[in-house]
Amino acid sequence: MRTERVDAVRAFNRFYTHLIGVVSEGLLETPYSLTEARVIFELAQGEVAEAAALRRSLDLDAGYLSRILSRFAADGLIVRDRAADDARRQVVGLTDRGRTVFRDLDARSGRQIGAILSGLPEEDQRRLVGAMGAIEGILGERRRPEMYVLRPFGPGDFGWVVQRHGALYAAEYDWDVTFEALVARIVADYVEAGDRRADAWIAEVDGEPAGCVFCVPKTERVAQLRLLLVEPSARGMGIGGRLVEECVRFARRGGNDEMVLWTNDVLAGARRIYQRAGFSLVDEGPHHSFGHDLVEQTWSLKL
């Protein structure tokens, strides 16, 4: 393990715990420590909780948890009893006073994080939330995001398209830098043309770009779909199909009679998306590009 990476993670831990006041004597200017606040939060999620389950979910020493619960009981925050179906098991629940303490802690935490976020521009807020989701996904149980948004391109997005196409196609198909150069030319042509008959969309998941597509004019009455991409971590969410659908809808609104696209037969996942959208294969043939012998394909959709 590289020492500088260990140092970077430790430095981030020190920075963030200081930012949210974890190392202060009382969390959020209250008499409760971070661990005590976590216990109160967990108890607030239901009517009662088993002490053993609470200990497991918070990964606390049994003696330490027992001392916390004893203090809470003495302060009138909780009531403790034996489970009705098994006297060996202890159950714990918050009193009305305990729920009042929880609401105060919850409100203080919300105001603190709200103040941090309100000082950031919208783009930085999205990046921050996305980065936190990435940390949780990598270090915790990996979860599939439940939703995504489609939005117009913003500053930095065109560079992202070029970089991600180059990196992903090199990793997944071993294509060389000539493919990235092709993508860069397509993007540059789109930006420089400024054609009202063209548009492009970014799919965003957890505040980070996760996919893209371009619609550009091929001829006066024919539109072309270009640069469809979906990040591996976001595949299976329907993003590819939604991007193609948006592209087709835009082309129809523009009065086009047909939409075409160029691809290669090795891109099986993309081909399935095009077929589901109603595209038909109209031409194919061998060629050598991007360091490989490939079979190029032209697909068409009558609008």
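Helix 7 (157-173), helix 8 (177-193), strand 7 (222-230), helix 9, strand 8 (258-264) and helix 10 (268-276) each supply at least two residues to the lining of the largest pocket. Helices (H or I, at least four residues) and strands (E, at least two) are DSSP runs, numbered from the N terminus. The model is predicted, so local features need pLDDT of at least 70 and side-chain atom pairs count only at pLDDT 80 or more, while totals for chains, interfaces and linings use all residues. Residues are numbered from 1 along each chain as its sequence is written, and side-chain values use heavy atoms, with hydrogens and water left out.

The largest pocket has a volume of about 710 Å³. Pockets and cavities are found on a 1 Å grid over the protein atoms alone: a pocket is an open set of points with protein on both sides within 12 Å along at least five of seven lines, a cavity is a set of points where a 1.4 Å probe fits but cannot get out, and lining residues have an atom within 4 Å of a point. Grid points are joined across faces, edges and corners, and a volume is the space filled by probe spheres set on the points. The pocket has 36 lining residues, and Y169, L228, L229, A270 and Y274 lie nearest its centre. Strand 7 gives the most to this lining, with 7 residues. By type, the lining of the largest pocket divides into 22 nonpolar, 9 polar and 5 charged residues. Here Ala, Val, Leu, Ile, Met, Phe, Trp, Tyr, Cys and Pro count as nonpolar, Asp, Glu, Lys and Arg as charged, and the others, Gly among them, as polar.

The whole structure holds 1 cavity of 30 Å³ or more, and the volume of the largest cavity is about 30 Å³. Its lining is made by R197, P217, T219, E220, V222, A223 and N256. These residues divide into 3 nonpolar, 2 polar and 2 charged.

In soluble globular proteins, nonpolar side chains tend to be buried together. A nonpolar core is a set of buried Ala, Val, Leu, Ile, Met, Phe, Trp, Tyr and Cys residues joined through side-chain atoms within 4.5 Å. Buried means under 20% relative accessible area, exposed over 50%, and partly exposed in between (1.4 Å probe, protein chains only). The largest nonpolar core has 50 residues, of which V161, L225, M259 and F279 touch the most other members. Helix 9 (residues 239-253) provides the largest share of this core, 7 residues. A second, separate core has 24 residues, including L27, A51, L58 and V92. Leaving aside residues up to four places away in sequence, L225 touches V213, F214, V244, C247, M259, V260, L261 and Y274, where contact means heavy atoms within 4.5 Å.

Side chains of opposite charge can pair when their charged atoms come close. A salt bridge is a side-chain nitrogen of Lys or Arg within 4 Å of a carboxyl oxygen of Asp or Glu, and by this rule the count comes to 16. One of them joins the side chains of E36 and R71 (2.7 Å, N to O). E36 lies in helix 2 (residues 34-44) and R71 in helix 4 (residues 62-74), so the pair ties together parts that are 35 residues apart in sequence. E36 counts as buried, at 11% relative accessibility, whereas R71 is partly exposed, with a relative accessible area of 28%.

Another salt bridge is formed by the side chains of E172 and R235 (3.0 Å, N to O). This pair also links distant parts of the chain, with E172 in helix 7 and R235 in the loop between strand 7 and helix 9, 63 residues apart. E172 is partly exposed at 34% relative accessibility, and R235 is partly exposed with a relative accessible area of 36%.

Within helix 9, R249 and E246 lie 3 residues apart, about one turn of the helix. Their side chains meet in a salt bridge (3.0 Å, N to O). R249 is partly exposed at 33% relative accessibility, while E246 is buried at 13%. Both belong to a network of salt bridges that links R242, E245, E246 and R249.

Two further residues lie in helices already named. R164 is found in helix 7 and counts as buried at 19% relative accessibility. L182 is found in helix 8, and its C-alpha atom is separated by 9.5 Å from that of F290, 108 residues apart along the chain.
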